Amino acid sequence: MSEEFLLGIDIGTQGAKAIVINQNGEIRASGSHPYDFSVPKTGWAEQHPHQWWDGVKNALKQISQRGIELENIKGIGISGQMHSLVLLDENKKELGSSILWNDVRTHIECKEITDQIGETKLLNITQNAVLPGFTAPKLLWIKKHEPERYSRIKHMMQPKDYIVFKLSGELSTDVSDASGTSLFDVKNRCWSNEIIEALKIPHDWLPQVHESQTIVGQVSVQAAAETGLPFGIPITAGAGDNAAAALGNGIYEEGKGIISIGTSGTVFAPLKQVPERTGEGKIKTLHLFCHCLPGTWHAMGVTLSAGMSLKWFKETFSINSYDELLSGVEMVPSGSEGLVFLPYLNGERTPHNNSTAQGVFFGMGYQHTRAHFTRALLEGVSFSLKDCLELIEKMNIRIDDWYVTGGASKSGIWRSILADVLQKPLRAFEEREGPAFGAALLAGLGTGVWKSPDEFPSCFDQGIRSEYNARNSKIYKDTHEIYSELYNRLVPLYSKTSNREKMI
Ligand SMILES: Nc1ncnc2c1ncn2[C@@H]1O[C@H](COP(=O)(O)OP(=O)(O)O)[C@@H](O)[C@H]1O
Ligand SMILES: O=C(CO)[C@@H](O)[C@H](O)COP(=O)(O)O
């Protein structure tokens, strides 16, 4: 009998990835295709949906070149960057570029939505404050600034939904991605008519929402011709990349959490019910979304420029490779001899919700080399992840085991710094593309390969463990205080120097 496969595709911010796994959870082939986002103005971030579709086609081509018989793929699951707004017109053609999750131009629209609906009601229904980067404020921004584009909208969706559409012709979304739109009733796992009507968004723009493992379509004749995938393979609704990455690392029950260092940095804790939500202070910047298995949710903090800070540094200073950039970092002492980095290169979401925040290197001296700058950068991003984790702890969510995933988690030195900063041991599956793997598992659930996660193959072993060092942790506790004070002192200066008008 020939081996049967499941295909998982992830629409990351820096590239499309595809993996093929078998019933035993073994990865049989993978492919990827990189792309960038554009920054047309301060605080903006855009990609054209064509970039994702081309990326998927290229990643699939690599898979078939690796000798995988595409006929043996039994199901497809797709994950993707969350919140980014994709618009189609009446002919289902793309209406311009997508405004991405890390674009912070909509701070005014966030306030307008909050004032109109009321913060308490928003928290009660959507379980979240409206934050720049979420989907609904982007729509209102387009209505205000690009009325012609707005008048042509017939359908809205998010990146992985666009790929489901390109593969099957079907318009759909899933509960985890819908949670990040500010239009979704997270507790009841359905669109909120009340909010949609209040914002005067036509209901028929929204795709039907499904649980993530639901089969929503099949590979169309046209997609088969374009991708080489056989006609008729079932496609599941899929999930937002963070929920899919968590599932792909075995994180779907309370007690285990996961930190992702991709373009963004996220700290993710599964929940079996929706906790009481209060509207106080920084805790409002913690997200509460549906997880990608029925009857599960999660809390999440999101720092906008995590792996992206490293990529920015590498490219801005023309360093050839990550290996070259990271070499020598281990020789620099913890605390980078007084150099501190604030990773707010495009504003920040958790914990500050401040679109005027900017990146900073503070405390430079003759003693500092490039390796100090790199280490300070890894430390600064880790401090931001610590801020997210502390908010999860403040909600009394207990996590006994933390895992780490995402492109940057492949770096042993970064995992070790993060463990020291958090004062926690961390586990990682070094070779796994978390979101694509999770998407493939959803395809397996949807097509009946496994009836429930209890039947998943034993692909979640212990992973590689990074221990923390108590002496370094003490240094980082002190440096984190300086990091926090630095931000607090800069807030008045940020609002003075960042010309918000430049963003509009
Ligand atoms: N060889 C490497 N060593 C360390 N970090 C890396 C390496 N390759 C990529 N990265 C980091 O991974 C990030 C991309 O992570 P990834 O999970 O692929 O992002 P996304 O899913 O957002 O597209 C880069 O910004 C970079 O910081
Ligand atoms: O905005 C969020 C989550 O709320 C981001 O985490 C995006 O989902 C992008 O993820 P990566 O490309 O960094 O994986």
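Some conventions before I start. Because the model is predicted, local features need pLDDT of at least 70 and side-chain atom pairs count only at pLDDT 80 or more, while totals for chains, interfaces and linings use all residues. Residues are numbered from 1 along each chain as its sequence is written, and chains are lettered from A and ligands numbered from 1 in the order in which they are written.

Domains, then. There are domain 1, 5-249 + 429-455, and domain 2, 301-423 + 469-499; the bounds come from an automatic or database domain assignment. Their C-alpha centres lie 28 Å apart. At the contact, 12 residues of domain 1 meet 9 residues of domain 2, where contact means C-beta atoms, placed from the backbone, within 7 Å. The side of domain 1 that touches domain 2 has 5 nonpolar, 6 polar and 1 charged residues. Here Ala, Val, Leu, Ile, Met, Phe, Trp, Tyr, Cys and Pro are nonpolar, Asp, Glu, Lys and Arg are charged, and the others, Gly among them, are polar.

Where does ligand 1 lie? Both domains give residues to its shell, so ligand 1 lies between them. That shell holds 16 residues, the closest being Gly12, Gly262, Thr263, Gly307 and Gly407; a residue counts if its C-beta atom, placed from the backbone, lies within 6 Å. By class the shell has 4 nonpolar, 10 polar and 2 charged residues. Helix 11, residues 307-316, gives the most, with 4 residues. Helices are DSSP runs of H or I with at least four residues, strands are runs of E with at least two, and both are numbered from the N terminus.

Ligand 2 is surrounded by 17 residues, and Thr13, Met82, Trp101, Gly262 and Ser264 are the closest. The classes here are 3 nonpolar, 13 polar and 1 charged.

Strands 16 (256-261) and 17 (265-271) pair antiparallel over 4 bridges, and Ile259 has Val267 as its bridge partner.

How values were computed
Two strands pair if DSSP finds at least two bridges between them. Two residues are in contact if their C-beta atoms, placed from the backbone, lie within 7 Å.
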